[in-house]
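Hi,

Here is the structure I promised to pass on to you. My notes on it follow below, so please have a look at both together.

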Amino acid sequence: KELQEQETEDDDDDEPLAIHPRGAEPTGSHRGGQEPPGPDTNSISMPSENNSLRSAHNLEANEGRANGRQTEPTFYIRSRTSTLNTTALKDDVYESLDYDVCDNVLFKEDQKFSDNARFNIRKDILRWIIFIQIGVVTALIACVIDIPIEELSAVKYTFLKNSVDNNVAANINPGGNLVIPYIYWMAMSIVPVVLGAALVTYVEPITAGSGMPQVKSYLNGVKIPRIVRIKTLAVKAVGVVTAVVGGLVGGKEGPMAHAGAVVAAGISQGKSTTFVKDFRIFRAFRDDHEKRDFVLGGAAAGVAAAFGSPIGGMLFSLEEAASFWNQNLIWRTLVASIISSFTLNIVLSAYHGLNNFTFTGLFNLGKFEQPLTFEYFELPIFMLFGVTGGLLGAMWNSYNTHINRFRSRFIKFKFARILEAALVAVIGVTLACVMIFFINDCRPLGNDPTDYPVQLFCEDNEYNAVAALWFQTPEATVRSLFHDPPGSHKILTLTVFTLVYYFLACVTFGLNVSLGIFIPTGLVGAAWGRLVAMIIFYIFPEATFLSPGKYALIGAAANLGGVLRMTISLSVILMETTGVETSFFFPLIVTLISAKWVGDYFTEGIYDIQIKMSCVPLLPWELLPKYKGLKASELMSTPVVCIKKCDSAKYIYKVLRRCKHNGFPVVEDVKGNNRANGRVCGIVLRSQLIVILLNSFYEEKKNFWEKEVSIQTFRNVYPRYPSIDSVRLPNEKENYTVNLDIFMNPSPVRVSQCDSASKIFKKFRALGLRHMIVIDRENRVVGIITRKDFLYK
Ligand code: ATP
C-alpha cells in the first residue's frame, strides 16, 4: 500500500512551496520513468542544475495530500530555520565536522573484532608513529621554506648593498643617488610578491593570510573547504617564500602551523585524494575525530619548528587553536613538537656545515648574553607596557578590520588583488627609501647589527643605522632590536620606524599573500619598547635598569599580546626563542596579561576577528550572552526532516535532493505518515545515506551485500564523500527499502525542550556534536539544533 501511495505522490510534488531556504530540486531526467534502467550499482550522473527552494517538508505534505489523508500542514509552518541570520549564512560554505563518533552496528562490529588488548596496543603504537612522522615531515617542510628564504634574501640584500655602495656612497658620488638602488629594490620586491600573490589568488585562495584562523576553525569543528590538501601546502610554501623574499611585512610562523596541519591530515589518513592514491594504511584513523587530533599535533609541530620552541608550540596549539583536548593528546602533541624542533635543528645544522647545533627553529631571535634581571619596582612599568600594547593592539586590529572590509567590498577582481599586493610592496620600499634618505643616523662600523651594513651618506668607517633596519629580513631586525648595544639608534629613527612598520603591517595583513603576523607584530613592539626605554633613559640618565634590549622584549610581548591575545604560549615561546631565564617569565606574563585584558576590552584577537569576518560558524567557549536564559525549544529548528528506520529509496533520494541538511533523525512509530513526529531511534548523516544509495544497500538485495558491508566501505570514501548528484536512482530501485538499522548512529544526543540553552550548549561543545535532537516526553522529535542555531538565531 505504501509503495502505491508513493507512486501517487510523485504526480503532486511539483508545487513550488518554500520552507527551508537550502533545498535543491533534482533534474527531471531520472523522473517519470524516462531513464533507461541502470546497472545494479548506481552509476554517475550529471549534477543537477535546476535548484529550487523546496524542501523535504513539501515532500511529506504532498505525500499526505496525495494519499487523501489529513497530515499536518508542515509546509505552512514557517520553519525556525528561516529565522537564522541569512547574511551570516549567505554562502553556506561551512559545514561541520563529525567529532562525535558514530557508534553504529558496523562500528561496533569493527570494535568487537579489534577489541582486544593486542589490537589496542597496535593502534596506540601506530598513533605514536604517526605523530613522530608528523614532527619529522613538518620540520623538513620548514627547511624547504627556510633555506630558499635565507639564500634568496642573501642574494637580494647583497645586491642591494652593492648597488647602494656603488651609487650613493659619499666618497664615490657626493650627494648620493638613491634612485637606481630604489628601482632595483622595487623590482626585487614586486617580482616575487606578484608571483606569490598570483599563485595564491589563482591557484589556491585558501592559502591567503597566516592560516591560523583556518586551522583554528577546523579544530573547532568547522569543515573549511580545501584547507588540508597537498596543493594547499605547496602553494602556501611557495607563497611564504615569495612574500618574505619580496620584503612584505610578515613572517612564516602562522603558515608553518598551517603547513603542519596539512602534513598531519595527509600522513594520518594514509592516502592522498589529490594524487588518487590509497596506501591502505592507517585506515582506522579515517574519521574526523581521529584526524582532528593529528591536525592539532601538526599545528603544534609547525609552530615548534617555526620558533624552535617545542613547549611553546604545544601551548600555542592548546591556547589558540584547540577546542578539545585530553591528557594523551597533550603528550603526543608535545612529542610531535619536540621531534619537529629536533629534526629541524639537525637538517639546518647540516646545511650550515655542522659547526654547532643551534638551529632549533626558523626564527633566531638571538640569545641574551647576560641573564635578564628585573627589579620589583619595574613591575608597574611592565604593566604600563602591557596596557600600551593592549591599546595599540586593539587599535591595530580595528584598523586592519576596516581595511579588510574595504578590500572585500571594493577589490573584487583577481588581478586587482595582485596589483594591490604589488602596490603595498612598492609603498613599503618607498617609505623605507624616504626614511633612509631623510634621516641621518650614522654609527661607527664595528658592532654593526646587520650582515649588510651600508655606508650611504655616512662618513668612511660608518654605517647607516636606518638602512640597517631595512636591509634584512624582519626577524633579523627583531634580533637587532633585542640585542644591539645601547646607542645603536636615534630616537627619531625608531619613532619613524615604529610608525611606518605599524602602518605597513596593518595594510599587509589581509593581502592575498601567504604571510603570518607574529614577526611584524613583535617587531613593532620591539621597536616601540626600545624607543620608550631610550626616551626614559634620555630624561632620567641615572635609570640604569633601563636596558634597551630588555624593554624591546617587553614591548614585543606587549604588542603581541595586544594583537593576538595569547598569554601562556607567547611567554613560553619568547622565553624559548631568546633563552631568557625562567625568572623572567614573571615580567613577561604580567605584561601579556595586562595587554590581553586591555585589548579584550576593546576588540577581539585578530584571528577571531578574521574568523568572524569570514562568517565561519565558530563555537565560542561560552554560550553567547543573548541566548542565556533561553530554552532548547527557543533555539531549535522545527519541523524536522526525518527518515524512517525502514524507508523507501525514493523518499531518501528526494530528501537528499531537496534539502541540504547533513543530519536526519531516524524515527519509527510515526503518526499519520508524518515522519517529523516519529519516535527517535537514531540519526543518520547525509554522507552515509549517499554511500548507502551508491552501493545499493537495499533490504531486498541484502543477500548480495550483507557479508561485504563493513565500516571500511564508509571509511574508503572519507573525507570526500560523493554528492547526491553522483547518485542515480533507476525506476526499478525506487521502491526498494533502505533499512538503516546497521548504519544509523543509535545513540544520538537528545535533549528535552525545556533544557536550558546554557546546558545544551555545554553538552554540544564538550562532545563536539554536529546535531542535537530535541524530543518530547514520549521520545518524539520536536526539533533539531546545530551549531548555527547557537550563533545566528
Ligand atoms: P552542518 O552544516 O553543521 O554540517 P547541517 O547541514 O545538518 O549541519 P546546518 O547547516 O547547521 O545543518 O543547519 C541549518 C539550519 O537547519 C539550522 O537551523 C538547523 O537547526 C536546521 N536543520 C538541520 N538539520 C535539519 C533537519 N534534518 N530538519 C530540519 N531542520 C534542520
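Around the ligand there are 18 residues, and Glu95, Ser96, Ser637, Asn662 and Thr786 come nearest; a residue is near a molecule if its C-beta atom, placed from the backbone, lies within 6 Å of it. Strand S1 (95–96), strand S9 (663–668) and strand S14 (781–786) are the elements that give two or more residues to this shell. The most come from S14, which gives 3 residues. Sorted by class, the shell has 6 nonpolar, 7 polar and 5 charged residues. Here Ala, Val, Leu, Ile, Met, Phe, Trp, Tyr, Cys and Pro count as nonpolar, Asp, Glu, Lys and Arg as charged, and the others, Gly among them, as polar.

Two notes before you go further. This is a predicted model, in which local features need pLDDT of at least 70 and side-chain atom pairs count only at pLDDT 80 or more, while totals for chains, interfaces and linings use all residues. Residues are numbered from 1 along each chain as its sequence is written.

S14 turns up again in a hairpin with S13, with 5 residues between the two strands; in the turn, Asn779 has a positive phi of about 65°. Strand S13 (residues 771–775) and S14 run antiparallel and are joined by 5 bridges, and Ile773 has Ile784 in S14 as its bridge partner. Of the 6 residues in S14, 5 are buried, that is, with 20 or more other C-beta atoms within 10 Å of their own, all placed from the backbone.

S9 belongs to an open sheet of 3 strands, in the order S7-S9-S10 with mixed pairing. Strand S7 (643–644) and strand S10 (679–685) are at the edges with a single partner strand each, so one side of each has no neighbour in the sheet. The pairing of S9 with S10 is antiparallel, over 6 bridges; strands count as paired if DSSP finds at least two bridges between them. Glu668 stands opposite Arg679 in S10.

As for the whole protein chain, it has 28 helices and 14 strands, taken as DSSP runs (H or I, at least four residues, for helices; E, at least two, for strands) and numbered from the N terminus. Buried residues account for 51% of its 793 residues.

Finally, the chain is divided into domain 1 (2–94 + 630–790) and domain 2 (126–159 + 208–351), with bounds from an automatic or database domain assignment. Their contact takes 7 residues from domain 1 and 9 residues from domain 2, where contact means C-beta atoms, placed from the backbone, within 7 Å.

Best wishes

Notes:
Buried ≥ 20, exposed ≤ 12 C-beta atoms within 10 Å, placed from the backbone. Contact = placed C-beta atoms within 7 Å.
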